[in-house]
Amino acid sequence: MEAPAPQSLPDSAVKATLTVLDSEFSSSKTLKIENTEKRDELIQIEKRYQQQWQDNHVFESDAPTLEEEPFATTTPEQLHSKYPKWMGTMAYPYMNGTLHAGHCFTASKVEFGAGFARMQGKRALFPLGWHVTGMPIKACADKLVREIEMFGTTFERCPVDDIIEEGQLTSADGQPPAPTQEETKTDMSKFSAKKGKASAKSVKTKYQFQIMLSLGIPLDEIHKFADTQYWLKYFPPLAKRDLTSFGARIDWRRQMVTTDANPYYDSFVAWQMRKLKELGKIKFGKRYTVYSPKDGQACLDHDRQSGEGVAVQEYTALKLKVKEWPESAQKILEGKLPQGANVYFVPATLRPETMYGQTCCFVGPKIKYGVFKVSEEEFFVLSERAARNMSFQGIFPSWGVYPQVAQLLGADVIGTLVNAPLSVHKDGVRILPMETVKDTKGTAVVTSVPSDSPDDYATVLDLAKKADYYKIKQEWAELEMVPIIDTPTYGNLTAKALVEELKIQSPKDTKKLEEAKEKAYKEGFYKGTMIYGSFAGKPVEQAKGLVRQQLLDDGLAFNYAEPDGLVISRSGDVCVVALQDQWYMNYGTTANGGDGEWAQMVLDHIQGDLNTYYPEAQHAFTQVINWLSHWACSRSYGLGTKLPWDHSVKVESLSDSTIYQSYYTFAHLLHKDLYGKEPGVLGIKPDEMSDDVWDYILGRRDTTDFETTISKKSLETMRRQFDYWYPLDIRTSGKDLIQNHLTFNLYVHAALFKKANWPRSFRVNGHLMLNGEKMSKSTGNFLTLEQAVSKFGADATRIALADAGDGIEDANFAEKVADTSVLKLFELKKWCEEMVQDAVLVENGKKFKHVQENERIRNIDVVQRKSGTPRFLWDDLFDNEMNTLVAETKQHYENTMYKSALKSGYYDFTTARDFYREVTRAAGLGMHEDLARRYIELQALLLTPIAPHFADYVWQEVLKKPDTVQNALFPNVPEAIPSLTAAREYVRTTASNITSAEAAQIKKLAKGKAALFDPKKDKKITLFVATAYPAWQTKYINLIRDSYPNLDIKELSKKVEKAESKKAMPFLNGLKRQLDSGETKEKVLDRRLAFDELETLRAMVPGLMQTVRFCKRVEIVRVEEGGGGVVVGGGGDGAAEEGTMLKELPGFAGSAEPGSPSFLFENV
């Protein structure tokens, strides 16, 4: 990372670093909070309830005891039936930094699920441990060891000039500092200065101690991190602190650290590896693996600074023997090659079956190529990068050594004549230029088959047209194309057909060429048939492997592999692919060289019983099963459990973290502390945990007839915990772990456990953005969990996380949502307190009006009709809407859709209350005590999973409930009454239509247009309501009824009167669409309103007069058949009396239909 340096430099590297990069910089661009009194009051409440939950061990859940349910006579199925349970976990976080908002987002999915499970009456368990296996901690610690040796324990000897010098980012040993957890996903090279004016020089983070300073580690404590064990002691307590302050429902008794730092977990992993080896799931042999030469070991996903998920790509490397050098190359090579040496250009191909069609070979004119000595007689021409890879694959004589005897530019070798294996052109083909060749993929030498490669075809056409420009002979690019493969879509010259079809004009049409390349490969491989060579007549799918083997057997090619993308290790090393002896998990389908039966078991579970919540997630898991292959499961560097049968290596970090969820079930019985230093309540020591013991307590054997010092009751107690809590109900994780951790989890569960104990669901989420942008420390847009909770409080943070999103796509934590939630929660808390503690109870609306008009009450809401008094329409509508929203929220919680649950259970619930409050106040009734209290109670319950501190405060301190809301059940409410639901929707729609119509007239006036009335003057609203549908509609409804279910619109149209055609045909089509969509015949054709429209409109009058500006009166007019109307309700000064007959009505009054009134504004 680097930042502009201030003009006046401090005298030490430490001070210079802190001038531009401190722990506050990472969040410097986030929201700044002012006026924190309300937040602080809410945080005080949160701390109080967190302490109460801890003191009362609220989140410590256990299986039924052996005394409650005897072990011998109770099956796991009976336990689950009698004592419903829920167990959820997240991927345990890596402990080389504090937790950030991204961790918290994933944790929130388990957290909300645990809260709802408790409300379903289930015993809910959310355990969490800490992952420390692998390279990251060791790499960071080793950096600090070297820096302390160089600069002292407080790095006082590090000269300031050393971090100001310009140039590439390096460290003391020439490598970038090892990133810690919070930096691994961010760009660490774009920091801007915090103080002073920028100068031409930059402060660069070359050293690990600077990274530690940026994390806020005190200077005098940094040297302690040179000991890897200090990381294990320092960060887990901070993570626990932050999650506790977040209000997480975690059973902390079950926490542990991985590796041999906890001897119980160490024994568990050793058992797991032995079992997998016994089952043939772990094998030994030479395998390709991504490898760090610097670290001297495989570099697997969690060992990488960048390139996670990048796999090994295997090629067929061809040997194109040089027959004739051009003069330019001869001059460079003179005296550097022995007489009679065999020199080969080495292209790497994925399509060996097409080699019969080689017409030339491409190099990049500006790329540097080396001539590398393979043996005394053989030399390869290729990129330095490819030679480095090959040196770790047994291609060069010495491991990691690739002697270079000469270097040439691609331009120097243009025109070289080479012999292309299998090519029909036996006299040889030429080396030609190709501008798009890259030295970051393959060998930077590309063989050309223009019959089947669109890139090659476009390039040779271009070369032939511009031979003079490229300084080549035209005939070199015009060798005959021989058909190699016949395809049903593109014939036997696929590339030519696609270039012409897509109108590709030159090699620079990269997007079209990419499309053509994909089509050519799919068509050729899956549908093509060989029509040339030894395997003519065979499908390409079969011939590919046969041709490849022929080339290998004849010594014309060899195997070559490289990372399929750039991989940088935690130690800053650019990784290669090595072919080495290793222990590996035999993952993969049969086609990929793995245990096909094992892979099929996992695939069947993914496509069967496993709930992945989203089709995209299931598809992603399926894709991983299709491409995943062998996985190295050991390493020599880093922290971890020693491989049981080879103590020189350790179990790698993605292989010791597969089934650890099962360990949580009884961890608290084995040890009291996370390091396993103090035995648990059963008094079992680590060395007593034999394989037989592990087999028994993890359900792999059902008898205790084995030698052990552990009592039978203790064994059964541990087994009871496993039997009860397993299978895992839900596991949450970022979607990036599908490609390794989550899929490995399924593989190992399938290998070691009965199907009944395989995971039930995996819920993956996208990455978390912050304020609509990528979270990045380098841009100041970063938030740790501790910062979020300190800034907004726990509940507001939790609400913003719930609001961030539920899908597999990336979510967004909006700080404005969190900030707004602070105010909303505070105001809701205050309102609940006043409604209960300051309630003024009256007998009826008359008394409400009296109090409203004659007494000085700050919040008129507290004046309520007391419990037991009669209820009116608005009361019933509100009661019914609460029932509807409670049911809807429950469904969202069940589906783990927390943003939706927040909307219905909080935002919409608040809106329903606000409408009820306003409409009853306008009607002169006031709220009903029973409903106000019911609202408060339901709101607390609906928010319990997401905002538990607020909910518990309302529950215990406002409603005076005797126990924590954490033990309350989700409310059971009556089913919504359809007539009331319809009436509420009618009110909402009608009111909206009226206010929208008024707004439209205001806009007209603002634009200088004539309006039907002046909205800013006193006015009257007339509502026209119809009690029957128009006669013509009834006629055509009967026509539909008589023809149902055989509805033929063309036939029906013949019975429509011409004069009514314009309105009748759309009407008929609309009815048919409703019926076709699944609505019942009765609902569509009977068209009866489920509620009393007139009574509902009469109830709306006071509210309309209050919400519509300058509204002085409202009249409701029933439209009579045959014309005219009668006033049936209204209010306000001068409103016509009920029963007043109106002979003439405006024309649009006739557009009113039952359930859809029309209305008129008039100035008065």
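Which residue of β40 does Lys1020 stand opposite? I looked along the pairing and found Glu1162 there; I keep in mind throughout that this is a predicted model.

**Entry 1: strand β36**

I then followed β36, residues 1019-1026, along both of its neighbours. With β40 (residues 1158-1163) the pairing is antiparallel and runs over 6 bridges, whereas β37 (residues 1111-1119) is parallel to β36 and joined to it by 8 bridges. On the β37 side I noted Ile1116 as the bridge partner of Leu1023. I also checked burial on each face: Lys1019, Ile1021, Leu1023 and Val1025 are buried on one side, and Lys1020, Thr1022, Phe1024 and Ala1026 are buried on the other. Since 8 of the 8 residues of β36 are buried, I recorded the strand as largely enclosed by the rest of the structure.

**Entry 2: strand β8**

Next I looked up β8, residues 312-318, which is joined to β21 (residues 557-563) by 7 bridges in the antiparallel sense. Glu314 has Ala561 of β21 as its bridge partner. β8 also pairs with β11 (residues 348-349), again antiparallel, over 2 bridges, and in that pairing Thr316 stands opposite Thr349.

**Entry 3: a three-stranded open sheet**

I traced an open sheet of 3 strands with antiparallel pairing, in the order β25-β27-β26. β25 (634-635) and β26 (642-643) are at its edges with a single partner strand each, so one side of each has no neighbour in the sheet. Between β26 and β27 (residues 646-651) I found 2 bridges, and Lys642 has Lys650 of β27 as its bridge partner.

Leaving out residues up to four places away in sequence, Tyr663 touches Met256, Asn262, Tyr264, Tyr265, Phe268, Leu670, His671 and Trp694. Met256 lies 407 residues from Tyr663 along the chain, yet their C-alpha atoms are 9.5 Å apart. I also found a polar atom of the Tyr663 side chain at 3.3 Å from the backbone nitrogen of Tyr265.

Tyr663 belongs to the largest nonpolar core, which has 242 residues; together with Phe209, Phe268, Phe666, Trp694 and Ile697, it is among those that touch the most other members. Helix α4 (residues 101-119) gives this core its largest share, 10 residues. From Ile697 I listed contacts to Phe666, Met689, Leu715, Met718, Arg719 and Phe722, setting aside neighbours within four places in sequence. Another core, of 54 residues, lies apart from the largest one, and Phe345, Phe362, Val418 and Leu552 are among its members.

**Entry 4: Arg865**

I turned to Arg865, which lies in strand β34 (residues 863-865) and is buried, with a relative accessible area of 1%. Which backbone oxygens does its side chain reach? I found that of Leu925 at 3.2 Å and that of Gly926 at 2.8 Å.

**Entry 5: helix α14**

In α14 (residues 494-501) I marked Thr494, Ala495, Leu498 and Val499 as buried. Viewed down the axis of α14, the buried residues fall within an arc of 125°, so they line one face of the helix. α12 (454-465) and α15 (510-527) are included in what covers them. After α14 comes Lys503, with a positive phi near 55°.

Tyr726 and Pro727 are joined by a cis peptide bond with omega about 5°, and Pro727 lies in the loop between α22 (712-725) and β28 (730-734). His57, which is not a glycine, has a positive phi of about 55°; this residue sits in the loop between α2 (37-55) and α3 (76-82) and is partly exposed, at 46% relative accessible area. Leu422, also other than glycine, has a positive phi near 75°, and I placed Leu422 in the loop between β16 (417-419) and β17 (429-433). At 18% relative accessibility, Leu422 counts as buried.

How values were computed
Residues are numbered from 1 along each chain as its sequence is written. This is a predicted model: local features need pLDDT of at least 70, side-chain atom pairs count only at pLDDT 80 or more; totals for chains, interfaces and linings use all residues. Side-chain values use heavy atoms; hydrogens and water are left out. Two strands pair if DSSP finds at least two bridges between them. Helices (H or I, at least four residues) and strands (E, at least two) are DSSP runs, numbered from the N terminus. Contact means heavy atoms within 4.5 Å. A polar contact is a pair of N or O atoms within 3.5 Å; within protein, one must be able to donate a hydrogen and the other to accept it, and residues adjacent in sequence count only if both atoms are side-chain atoms. A nonpolar core is a set of buried Ala, Val, Leu, Ile, Met, Phe, Trp, Tyr and Cys residues joined through side-chain atoms within 4.5 Å. Buried means under 20% relative accessible area, exposed over 50%, partly exposed in between (1.4 Å probe, protein chains only). The arc is that of the directions from the helix axis to the C-beta atoms.
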